[in-house]
Amino acid sequence: MSGLKEKVRAEWSKLCALPPKERPGYLWMYYKLWIIAIVAVVGFAVTMTWHAVTTPSETWFFACFANVTEDLGEGSDLYNGFADYAGYDLTQGQLLFEDEIYCNPASASTTGSAYYEMLIAYLDGGTLDVLVMNTDDLLAVGESGRLMSLSDERVSDLLETYSDRILTVEADLEGDGTLTEVPVGIDLSGSLLSEYYGGDCALGISANAPHTNQIALFLRYLFS
């Protein structure tokens with residue numbers, strides 16, 4: 001510690017001995033890495049503080065649209081249309097549309113896929129409400145147990161409303177080898193999203209969805 005103090009004193013003496021106009025150049029020449037690091041840390045802290053202060057803490061709804069090339073995120077026609085339809089006050093809460101997930105659980109290995117790992121984090125983390133994918137990919141996710149059964153009392157009204165659009169997977173619910181058909185998806189052909197998926201898309205509800213009371217509203221918007 002004493003050695004560090006001596007070094008600081010020596011550097012301070014050198015700086016004070018220089019003409020005032022030469023001091024900035026000296027500091028930059030010998031300490032630019034430290035200066036850059038400090039500025040970066042301060043800038044990061046300011047940015048994080050600004051986001052914490054200005055970003056609404058409540059989330060109204062969170063949907064993931066996997067494997068689309070068009071922008072469906074914040075500011076898109078789909079985003080603004082649903083926000084208006086639902087009557088969300090976006091100064092009080094967030095509407096989250098994720099459109100940058102690209103993976104094909106049904107046809108390709110997902111090992112090492114950062115996109116797939118991100119999707120699983122959304123599903124397992126209890127933040128995502130609904131997932132939209134091509135039908136085969138959505139059913140592959142459903143087979144993993146990560147999609148809510150539409151017979152769940154929280155969303156069971158959807159079974160009757162969309163009875164002609166229900167998609168199922170076979171699952172061993174009792175662990176005894178007996179396979180049971182479980183309704184995990186809703187066919188979205190003909191909806192507002194159909195054109196973005198070439199007509200083949202379906203919606204599944206995350207098994208850990210936090211806003212199940214908003215899903216019927218979202219589906220009504222898609223078929224409006």
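Why is helix α5 largely enclosed by the rest of the structure? Seven of its nine residues, in the run 135-143, are buried, so the rest of the structure largely encloses α5.

This is a predicted model, in which local features need pLDDT of at least 70, side-chain atom pairs count only at pLDDT 80 or more, and totals for chains, interfaces and linings use all residues. Residues are numbered from 1 along each chain as its sequence is written, and side-chain values use heavy atoms, with hydrogens and water left out.

**View 1. Helix α5 and its cover.** The buried residues are Thr135, Asp137, Leu138, Leu139, Ala140, Val141 and Gly142. Buried means under 20% relative accessible area, exposed over 50%, partly exposed in between (1.4 Å probe, protein chains only). Their cover includes α4 (114-124), β3 (130-133), β4 (166-171), β5 (180-187) and β6 (202-205). Contact means heavy atoms within 4.5 Å. Helices (H or I, at least four residues) and strands (E, at least two) are DSSP runs, numbered from the N terminus. Gly145 follows α5 and has a positive phi, near 85 degrees.

**View 2. Salt bridge between Asp124 and Arg146.** The side chains meet at 2.9 Å, N to O. Asp124 sits in helix α4, and Arg146 in the loop between α5 and α6 (157-161). The pair links distant parts of the chain, 22 residues apart. Asp124 is partly exposed at 43% relative accessible area; Arg146 is partly exposed at 24%. A salt bridge is a side-chain nitrogen of Lys or Arg within 4 Å of a carboxyl oxygen of Asp or Glu.

**View 3. Salt bridge between Asp152 and Arg154.** These side chains meet at 3.0 Å, N to O. Asp152 is partly exposed, with 22% relative accessible area. Arg154 is partly exposed, with 43%. The whole structure holds two salt bridges.
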